[in-house]
Structure formats: C-alpha cells, structure tokens
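Try each task yourself before reading the solution.

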Amino acid sequence: MASIFSKIAAGEIPSYCCAADDEFYAFLDINPIVKGHTLVIPRREVDYIFDLEDDELARLHVFAARVARAIKQTIPCVKVGEAVLGLEVPHAHIHLIPMQSERDMLFSNPKLQLPAEEMQAVADAIRANFQG
Ligand code: 5GP
C-alpha cells in the first residue's frame with residue numbers, strides 16, 4: 001500500500017504544494033512548528049532516508065536547497081534549518097524550517113494551527129519564488 005506521502009505526491013491526497021519536479025515533491029507540513037515549515041520527499045517510496053541510493057540522496061538535498069532558498073525569500077528568517085526524523089511517516093523526508101532562533105527547531109514545541117487561506121498563501125509564495 002502506498003504511503004500517505006506517496007499519495008500526496010501523486011495528488012491523490014491534497015497538500016499545499018511548494019515545489020515539484022519529476023523526482024521530488026515539497027509541501028507544507030500540516031502541523032507546522034513555524035510558518036513555512038516544509039517537507040521535501042522523493043516520489044520513490046523509501047522509508048529510511050539513509051537507505052536512498054547515494055545519487056538520489058544527493059539530488060534530494062540539491063532539490064531541498066532550492067526549496068530552502070525559496071522559503072528564505074518568502075518567510076523572513078535568519079536561516080532555514082534542516083532536520084530528518086522520520087519517526088511518524090515511513091517515507092523519507094526532510095523538514096525545512098525557517099528559523100528565528102535555535103528554539104524554532106524544537107519538535108516538542110506546540111504546533112501551529114494556521115488558517116487554510118494562510119497555508120495556501122505561504123505555499124503559493126514559496127512556489128512563486130522556487131527556481132524551477
Ligand atoms: P516525522 O516522520 O518526520 O517524525 O514526522 C512526520 C511529519 O509529517 C510531521 O511533522 C507531521 O506533521 C507531518 N505530516 C503527517 N501527516 C501529514 C499529512 O497528511 N500531510 C502533511 N502535509 N503533513 C503530514
């Protein structure tokens with residue numbers, strides 16, 4: 001059975017798309033730690049990120065870097081932080097988190113509840129800034 005993230009990348013489950021190409025897909029985390037919290041996934045379904053082939057892992061990171069630049073242009077922040085957990089969803093993904101301070105990287109922080117219109121506006125702005 002396809003993972004929830006495979007269904008999102010295939011458009012079978014809705015998401016706030018931030019960037020996409022044939023191989024990778026980026027979308028807003030539904031329970032963001034901060035505004036602009038984005039997930040980047042390979043379309044190919046692999047659970048553990050460090051089980052990806054070296055080339056695919058490298059390309060995923062290059063794609064994530066392009067998404068991070070678009071996030072930084074969209075959300076005022078000091079830097080965009082990167083984290084990999086994968087404890088909840090068994091489909092490799094990178095968290096990109098616009099940081100004002102180290103505290104913004106704490107996954108134990110309360111999750112934000114942003115209105116759908118605001119999530120859509122953030123995703124649209126990141127997509128507009130993404131250099132495809
Ligand atoms: P992890 O697997 O890295 O521990 O956590 C999975 C992340 O995916 C969480 O931050 C969670 O909010 C996010 N997430 C889980 N299910 C969905 C979903 O259906 N849509 C979106 N956009 N994010 C999700």
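This is a predicted model: local features need pLDDT of at least 70, side-chain atom pairs count only at pLDDT 80 or more; totals for chains, interfaces and linings use all residues.

Residues are numbered from 1 along each chain as its sequence is written, and side-chain values use heavy atoms, with hydrogens and water left out.

**Exercise 1.** Find out which residues surround the ligand and list polar contacts to its atoms.

Step 1: sort the shell by class: 10 nonpolar, 4 polar and 2 charged. Here Ala, Val, Leu, Ile, Met, Phe, Trp, Tyr, Cys and Pro count as nonpolar, Asp, Glu, Lys and Arg as charged, and the others, Gly among them, as polar.

Step 2: look for polar contacts (pairs of N or O atoms within 3.5 Å). Asp29 puts a polar side-chain atom 2.5 Å from a ligand oxygen. From the backbone, an N or O atom of Ile30 sits 3.3 Å from a ligand nitrogen, and a polar atom of Val89 is 2.9 Å from a ligand oxygen.

Step 3: On its own the ligand exposes 530 Å², and the protein buries 87% of that.

**Exercise 2.** Describe the pocket that holds the ligand.

Step 1: the ligand takes up the space of the largest pocket. A pocket is an open set of points on a 1 Å grid over the protein atoms alone, with protein on both sides within 12 Å along at least five of seven lines; lining residues have an atom within 4 Å of a point.

Step 2: the volume, meaning the space filled by probe spheres set on the points, is about 500 Å³ for this pocket.

Step 3: count the lining. There are 24 residues, with Phe5, Asp29, Leu39, Glu88 and Val89 nearest the pocket centre. H1 contributes the most, with 3 residues.

**Exercise 3.** How many cavities of 30 Å³ or more are there, and what lines the largest cavity?

Step 1: a cavity is a set of points where a 1.4 Å probe fits but cannot get out. The count is 1, and the largest cavity holds about 30 Å³.

Step 2: read off its lining, which includes Leu28, Asp29, Pro32, Met119 and Val122. By class, the lining splits into 6 nonpolar, 2 polar and 2 charged residues.

Conventions
A polar contact is a pair of N or O atoms within 3.5 Å; within protein, one must be able to donate a hydrogen and the other to accept it, and residues adjacent in sequence count only if both atoms are side-chain atoms. Accessible areas come from the Shrake-Rupley method with a 1.4 Å probe; for residues, only the protein chains shown count as cover. A molecule sits in a cavity or pocket if more than half of its atoms lie within 2 Å of its grid points. Helices (H or I, at least four residues) and strands (E, at least two) are DSSP runs, numbered from the N terminus.
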